[in-house]
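Reader: Before going through the assignments, I would like to look at the model itself, and then ask how each label was reached.

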Amino acid sequence: LDERQIKQALINILFNAGEAVAEGGVVIVSARVENGGREGYAVVEISDNGGGIASEDVEKIFLPFFTTKASGTGLGLAIAHRAISGHGGEIRVDNRPGEGVTFRIYLPLLPVERMEA
């Protein structure tokens with residue numbers, strides 16, 4: 001994998017989580033290996049208790065230039081999505097309006113070329 005791209009994707013998601021929580025809020029990062037069929041995945045979860053994403057915005061969060069922030073570019077999650085997808089992975093969002101959000105990043109343990117063989 002391209003370490004720089006994955007690192008940037010994680011930083012972008014962590015930055016958003018940090019901005020979402022109020023003082024005293026919580027951001028939790030965890031990782032595990034999950035088997036899915038014959039191949040496994042590294043799963044990274046980033047959760048916060050920052051109130052969640054407005055229901056009408058959930059479908060738009062990975063679109064370039066979409067932002068709900070006064071000073072945001074709207075590129076952070078779009079870049080993260082592209083980096084993860086480019087590695088054969090997936091980002092899933094568990095939105096809990098009024099409570100928080102969890103981003104689950106699934107990355108194949110084997111290179112994409114080897115998985116397709």
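Reader: In which helix is G76 found?

Author: G76 is found in helix 2, where a helix is a DSSP run of H or I with at least four residues, a strand is a run of E with at least two, and both are numbered from the N terminus. This is a predicted model, in which local features need pLDDT of at least 70 and side-chain atom pairs count only at pLDDT 80 or more, while totals for chains, interfaces and linings use all residues. Residues are numbered from 1 along each chain as its sequence is written, and side-chain values use heavy atoms, with hydrogens and water left out.

Reader: Why is G76 called partly exposed?

Author: Buried means under 20% relative accessible area and exposed means over 50%, with partly exposed in between (1.4 Å probe, protein chains only). The relative accessible area of G76 is 24%, and therefore G76 is partly exposed.

Reader: What makes the contact of E45 with R104 a salt bridge?

Author: The term requires a side-chain nitrogen of Lys or Arg within 4 Å of a carboxyl oxygen of Asp or Glu. The closest N and O atoms of E45 and R104 are 2.8 Å apart, and the two residues form a salt bridge. This pair links distant parts of the chain, since E45 lies in strand 2 (residues 39-48) and R104 in strand 4, 59 residues apart.

Reader: Which of the classes, buried or partly exposed, applies to E45, and which to R104?

Author: E45 has 15% relative accessibility and therefore counts as buried, whereas R104, at 22%, counts as partly exposed.

Reader: How do you know that K60 and D57 meet in a salt bridge?

Author: Their side chains are 3.9 Å apart, N to O, and so meet the salt-bridge criterion. Salt bridges that share partners also join R32, E34, E45 and R104 into one network.

Reader: What lines the largest pocket?

Author: A pocket is an open set of points, on a 1 Å grid over the protein atoms alone, where a 1.4 Å probe fits, with protein on both sides within 12 Å along at least five of seven lines, and lining residues have an atom within 4 Å of a point. The largest pocket is lined by 28 residues, of which N16, T67, T68, K69 and L77 lie nearest its centre. Helix 1 gives the most to this lining, with seven residues.
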